[in-house]
Amino acid sequence: MTAQIIDGKKIAAETRELLAKEVALFHNETGITPHLAAILVGEDPASAVYVRNKERACAKAGMKSTLHKLPSETTEAELLEMIEQFNDDSSVHGILVQLPLPGHIEEQRVLDAVTPLKDVDCFHPENVGLLAQGRPRFQPCTPRGVQVLLEKSGIDVSGKHAVVLGRSEIVGKPMAMLLVQKGPVANATVTICHSRTANLKEVTRQADILVAAIGKPNFVTAEMVKPGAVVMDVGINSVDGKLVGDVDFDQVAPIASSITPVPGGVGPMTIAMLLDNTLTAARIAAKG
Ligand SMILES: Nc1nc(=O)c2c([nH]1)NC[C@@H]1CN(c3ccc(C(=O)N[C@@H](CCC(=O)O)C(=O)O)cc3)C=[N+]21
């Protein structure tokens, strides 16, 4: 068997086209152009890719996007002040603080400062709580992107064993949440495993659907994958200036039934879902 390659780039482009139509309708009705404000403190290779691609995607979808670059020595107080400004600015609908932040800044305090109504990353405790209860306000971008890829690829998730490799707040935990929930492209039996899991290989080998989000280049090898499994690679690792996933694609593709490439897999979907959340945020603002 050789895997069907899930074309995230194409599915994301289709998703963004639909979204652009919704943005145009919304603009006709309200006169509002959805506006995403992104804050980047210092430098980070994965963030640099993200920033570049989302600026372009926003423009194409008829949305406004502004990038606020701060030097790496910015203090936490200065960053909090900028967030406060955007919270109070009715022309800003979505606020995204690029992660990781420099070590001297306490990430949690910063993310908590973003008003939940503009929290397009779905990081605020209120939004995480709503998500956990199955009544999301915003969808976590990368996990939702994976879910849409599964849906558009016609992959049946219900009753299947989904193994999420990685327990981050940004991907692993919310991914598990989406897959275990009641609803379409869900109802899975979910295991979360991570770097401390005993017999990790035995666990990942049980996966019908394996979501790799551990942040280590080429970590998932053929022996960790059950033949015929669906493999979703969330990794965005920079190796010698090249983008590499968490899955050793050349090894795993021949035994998987479907697999996402890096680049061109989950990454572009993350951006499409971010735009979707920005429109949601603008709708919330329009309702007052
Ligand atoms: N608050 C926050 N939220 C995030 O979601 C977040 C973040 N911070 N910090 C950085 C990481 C990384 N990330 C990427 C998303 C898409 C691509 C992407 O578009 N990837 C293309 C790259 C194509 C190319 O090479 O240009 C692809 O995989 O095909 C990359 C990276 C989001 N992140």
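What is the handedness of the crossing of α1 and α10? The crossing is left-handed. A crossing has this hand if the near helix is turned anticlockwise from the far one by less than a right angle, and it is right-handed if the turn is clockwise. The model is a predicted one, in which local features need pLDDT of at least 70 and side-chain atom pairs count only at pLDDT 80 or more, while totals for chains, interfaces and linings use all residues. Residue numbers start from 1 along each chain, as its sequence is written.

Helix α1 spans residues 8–30 and helix α10 spans residues 266–287. Helices (H or I, at least four residues) and strands (E, at least two) are DSSP runs, numbered from the N terminus. The two helices pack at about 15 degrees, and their axes are 8 Å apart. Axes here are lines fitted to C-alpha atoms, for helices over the stretch in contact, and angles run from 0 to 180 degrees between N-to-C directions. α1 and α10 are therefore roughly parallel to each other. Angles under 35 degrees fall in that class, those over 145 count as roughly antiparallel, 65 to 115 as roughly perpendicular, and the rest as oblique.

On the α1 side, the contact includes Ile-11, Ala-12, Thr-15, Leu-19, Val-23 and Phe-26. On the α10 side, it includes Pro-268, Met-269, Ile-271, Leu-275, Leu-279 and Ala-286. Charged partners also take part, among them Lys-9, Arg-16 and Glu-22 of α1 and Asp-276 and Arg-283 of α10. Two residues are in contact if their C-beta atoms, placed from the backbone, lie within 7 Å. By class, the residues of this contact are 14 nonpolar, four polar and five charged. Ala, Val, Leu, Ile, Met, Phe, Trp, Tyr, Cys and Pro count as nonpolar, Asp, Glu, Lys and Arg as charged, and the others, Gly among them, as polar.

Helix α2 (residues 45–60) also meets α10. Their axes come within 10 Å and cross at roughly 50 degrees. That makes α2 oblique to α10. The crossing of α2 with α10 is right-handed. Asn-53, Lys-54, Ala-57 and Cys-58 of α2 face Ile-271, Leu-274 and Leu-275 of α10. This contact has five nonpolar residues, one polar and one charged. Ile-271 and Leu-275 also belong to the contact of α10 with α1.

An unreviewed UniProt entry annotates residues 140–283 as "domain: Tetrahydrofolate dehydrogenase/cyclohydrolase NAD(P)-binding". UniProt positions follow the numbering used here, feature names are shortened, and annotations may be inferred rather than shown by experiment. The span is 33% helix and 18% strand, and its end C-alpha atoms lie 17 Å apart.

For "binding site", the unreviewed UniProt entry lists Gly-166, Arg-167, Ser-168 and Ile-236. Gly-166 sits in the loop between β5 (161–165) and α7 (172–180). Gly-166 is buried, with 24 other C-beta atoms within 10 Å. A residue is buried if 20 or more other C-beta atoms lie within 10 Å of its own, exposed if 12 or fewer, and partly exposed in between, with C-beta atoms placed from the backbone. Beyond neighbours within four places in sequence, Gly-166 contacts Val-171, Gly-172, His-194, Ala-213, Ile-214 and Gly-215. Arg-167 is in the loop between β5 and α7. Arg-167 counts as partly exposed, with 18 C-beta neighbours inside 10 Å. With residues up to four places away in sequence left out, Arg-167 touches Gly-172, Lys-173, Ile-192 and His-194.

Several loops carry backbone features of note. Most residues other than glycine have a negative phi, and most peptide bonds are trans. The bond from Leu-99 to Pro-100 is cis, with omega near -5 degrees. Pro-100 lies in the loop between β4 (94–97) and α4 (107–113). Val-262 and Pro-263 are likewise joined by a cis peptide bond, with omega about -5 degrees. Pro-263 is in the loop between β11 (258–259) and α10.

Cys-122 has a positive phi, near 60 degrees. It lies in the loop between α4 and α5 (125–132). Cys-122 is buried, with 24 C-beta neighbours inside 10 Å. Val-185 has a positive phi of about 50 degrees. Val-185 occupies the loop between α7 and β6 (189–193). With 20 C-beta neighbours inside 10 Å, Val-185 is buried.
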